[in-house]
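Keep the structure open beside you as you read.

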Amino acid sequence: MNRVKVLQAWLWCVSLWSCWLSHAIPLDCKDETGSLIQCTSISQEKLLDRVIQHAELIYRVSEESCTLFEDMFVPYPLHALRNQGGTVCHTKPFPIPGSKTEIQQISDKWLLHSVLMLVQSWMEPLIYLQTTLNRYDDAPDALLNKTKWVSDKLLSLEQGVVVLIRKMLDEGILTPSVFEHTLTPYDEPSPEIPESVLRDYNLLICFKKDAHKMETFLKLLKCRQSNKLSCLSY
């Protein structure tokens with residue numbers, strides 16, 4: 001009965017999600033030849049707005065995916081892991097600011113490179129997540145579709161950030177090979193939940209947190225471009 005209620009609620013969320021996506025401005029930078037010319041022709045201000053909108057949607061959908069997975073597969077006593085996921089995230093060792101004080105102190109250059117680091121570090125884990133979720137007997141289509149959508153849009157976000165770095169900083173970019181990583185297992189698997197489910201849950205928690213960081217860094221950058229005095233809330 002609980003799962004029926006969850007699925008009914010998520011049918012409504014899927015329709016709302018489709019509405020959000022239909023109003024999203026596309027951020028497909030590459031043309032048929034693989035060139036980023038489609039984004040380089042956009043003004044810096046408009047490109048930053050599109051990148052921010054993309055990051056907002058990615059975070060929103062990641063939050064929905066995490067909640068849906070949690071409601072479907074994770075016993076309620078383990079929901080507290082949401083607040084503990086950051087301790088085992090594969091991006092934890094990255095030189096990315098965590099506190100508000102650190103975020104306010106870093107340069108525009110490092111804000112952009114931090115976003116790029118996070119985006120590139122999640123390419124492979126999200127592909128892995130798509131593969132493993134397809135093996136679940138009762139994974140709802142909404143969850144599978146959201147995971148694939150996020151994976152696709154993360155690539156578009158990477159393209160937009162690359163062009164922003166070139167436009168704003170007039171320099172090259174960090175390469176994906178810098179961000180080699182491995183999926184981090186839990187040290188103490190719970191007897192109430194299979195280790196594979198716990199690992200996937202942790203991935204979703206960690207991605208949601210990092211997606212929020214991407215959105216925050218980009219909005220802070222936008223704020224600095226307009227009025228630095230009002231940016232202390234980020």
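A salt bridge here is a side-chain nitrogen of Lys or Arg within 4 Å of a carboxyl oxygen of Asp or Glu. Before going further, please note that this is a predicted model, in which local features need pLDDT of at least 70 and side-chain atom pairs count only at pLDDT 80 or more, while totals for chains, interfaces and linings use all residues. Residues are numbered from 1 along each chain as its sequence is written, and side-chain values use heavy atoms, with hydrogens and water left out.

E45 and K222 meet through their side chains at 3.9 Å, N to O. This pair links distant parts of the chain, with E45 in helix α3 (residues 44-73) and K222 in helix α8 (residues 195-226), 177 residues apart. Helices are DSSP runs of H or I with at least four residues, numbered from the N terminus. The other link joins D49 to K222, whose closest N and O atoms are 3.0 Å apart. Because D49 lies in helix α3 and K222 in helix α8, this pair ties together parts that are 173 residues apart in sequence.

How open are these residues? For relative accessible area, buried means under 20%, exposed over 50%, and partly exposed in between, with a 1.4 Å probe and protein chains only. E45 counts as exposed at 54%, D49 as partly exposed at 34%, and K222 as partly exposed at 24%.

Next, turn to the aromatic rings. Rings of Phe, Tyr and Trp (its six-membered ring) pair if their centres lie within 6.5 Å; planes under 30 degrees apart count as stacked, over 60 as edge-to-face and the rest as tilted. The whole structure has five aromatic pairs. In one of them, F69 and Y136 have ring centres 5.9 Å apart and planes at 65°, so the pair is edge-to-face. F69 lies in helix α3 and Y136 in the loop between α6 and α7, so the two tie together parts that are 67 residues apart in sequence. Both F69 and Y136 are buried. The rings of F73 and Y136 are also edge-to-face, because their planes are at 65°, with centres 4.9 Å apart. F73 is buried, with a relative accessible area of 15%. Together, F69, F73, Y136 and Y201 form one aromatic cluster.

Helix α6 (residues 123-133) has its own buried residues: M123, P125, L126, L129, T132 and L133. Their cover includes α3, α5 (108-121), α7 (141-169) and α8.

Finally, where in helix α8 do D210 and K213 sit? They are three residues apart, about one turn of the helix. An α-helix has 3.6 residues a turn, so residues three or four places apart point the same way. D210 and K213 form a salt bridge, with the closest N and O atoms 3.9 Å apart. D210 is buried at 2% relative accessible area, whereas K213 is partly exposed at 30%.

Conventions: Contact = heavy atoms within 4.5 Å.
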